[in-house]
Amino acid sequence: VAYMAPERIQSLLADQVRVEGKLDPRSDVYSLGALLYELLCGELPSRPDNLSDKQVGLEEWLKGRLTPPEPPSNRNPAVDRPMDLAILKALSPDPADRFASAAEFARALQGALAWKARAARWLQRNRRKALGAVAVLLVTISIGVAAWASQPSLEDRMFARGQQAYEQGDSARAIESFTLALDYRPDSEALLFARAQAYRQSKDFVLAQRDFQAVYDKNANPEILWFVGHCLLRKASYNAAIGNYEKAIGDGFSTPQLRHNLGYSLSRVNQPDEALQNLDAALKSDASLFITRHLRARLLFFGAAGKQQRIPDSVQEDIILALKNLDDPLVHLDAASIFSYPNQSKPDQGEALKQLRLSVQTGLTPLQLRSEKPFLGELPEHLTAAEQKVIQSRPPKPLPSVLYFEPSQSLLMPSSR
């Protein structure tokens, strides 16, 4: 605390990350100036009157830092005017009046030390003390400059802090840290992307989309449209999501997961044929996308069953593969509807009831049961009273089942293609 800049003491008193994040190298310049002041004068530039009291608070230390200190020459006549000015500038209460960096302070001190008249007076008074003071100053300056030069920049420190918060799931602190870093580097695509990911983690898809779009506007990387489209999908802006996915594909970026999400968005705006084309393309590239198999079975089944048409055998094949890899109440419920449907080659009422009971066990809600009841026939009547009670005890909400893919959650921005 004895060498701490006033704004750093204020940040400790305020106990606010935002205040601390705004500190810059001028705070370290103050500390270096205080150290040199003590070396030259034998005492600190300011200290509390009751320094002997072990309970001296930060407030007492701060009082003396809010006004310029007494010039070093008043306490040590051997200190001349150029050295006075350099140290007083380093110890200015206002950071804006100090040297911008330790290197700049070092150059000012070197200039003062090189001044011929000052050197002559020091040598006349006491050559040994003069040489000792010069050696101490040069060593201190060299150590200070080297230490500061080896430290990461403020933006890098803010990014590291934001990254740590993001990895801990503290999206609010991550957003705050990335925003502070952007105050210094507002054009940084990497920082914008990281903040967008933090907004996405916090479920604020409006601001996440804004930052992802800003990144795309800067680098035109079509992979970023995968993230923009996802935010629009999560906001249920399906037509806008479709536009971004299709532009990404047209500009050369396409993955099976993006194709799936395009198919999902198309299904939500009543374009089932186009949706199925994209789901087929996704599975052609990666047959292990079991969410895609579930969605394709779902679209084919409800499209045909709604018109009381025969469903193809591929619907059962897709739902069976999905069941082997997804233990989800909606998958089990859809499977129950599919196996119980009579207009197909292999209806299976026993398997249908089994799947309905698994749906109950994994979280089936009364609202979801009502939505599919027209396709379940008499199956719900075979549930026990206890199973019925479990369903009715749950909130009347849709199932939280995921029917789309999430883009990468990494803070590392995709490279331009």
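## Salt bridges and a buried helix

Analyst: In this predicted model, arginine 200 has a relative accessible area of 6% and is therefore buried.

User: Which residue meets the side chain of arginine 200 in a salt bridge?

Analyst: The N to O distance in this salt bridge is 3.0 Å, and the partner of arginine 200 is a glutamate.

User: Is aspartate 211, which forms a salt bridge with arginine 195, buried or exposed?

Analyst: The side chains of arginine 195 and aspartate 211 meet at 2.8 Å, N to O. Because arginine 195 lies in helix 11 and aspartate 211 in helix 12, the pair links parts that are 16 residues apart in sequence. Buried means under 20% relative accessible area, and since the value for aspartate 211 is 2%, this residue is buried.

User: How many of the 13 residues of helix 15 are buried?

Analyst: Helix 15 covers residues 256-268 and reaches 19 Å from its first C-alpha to its last, close to the 18 Å expected. The buried residues include Pro256, Leu258 and Tyr264, and what covers the buried residues includes helix 13 (222-234) and helix 16 (272-285). Helix 15 is largely enclosed by the rest of the structure, because the number of its residues that are buried is 10.

Definitions and conventions: Residues are numbered from 1 along each chain as its sequence is written. This is a predicted model: local features need pLDDT of at least 70, side-chain atom pairs count only at pLDDT 80 or more; totals for chains, interfaces and linings use all residues. Side-chain values use heavy atoms; hydrogens and water are left out. Helices (H or I, at least four residues) and strands (E, at least two) are DSSP runs, numbered from the N terminus. The expected span of a helix is 1.5 Å times one less than its number of residues. Buried means under 20% relative accessible area, exposed over 50%, partly exposed in between (1.4 Å probe, protein chains only). Contact means heavy atoms within 4.5 Å. A salt bridge is a side-chain nitrogen of Lys or Arg within 4 Å of a carboxyl oxygen of Asp or Glu.
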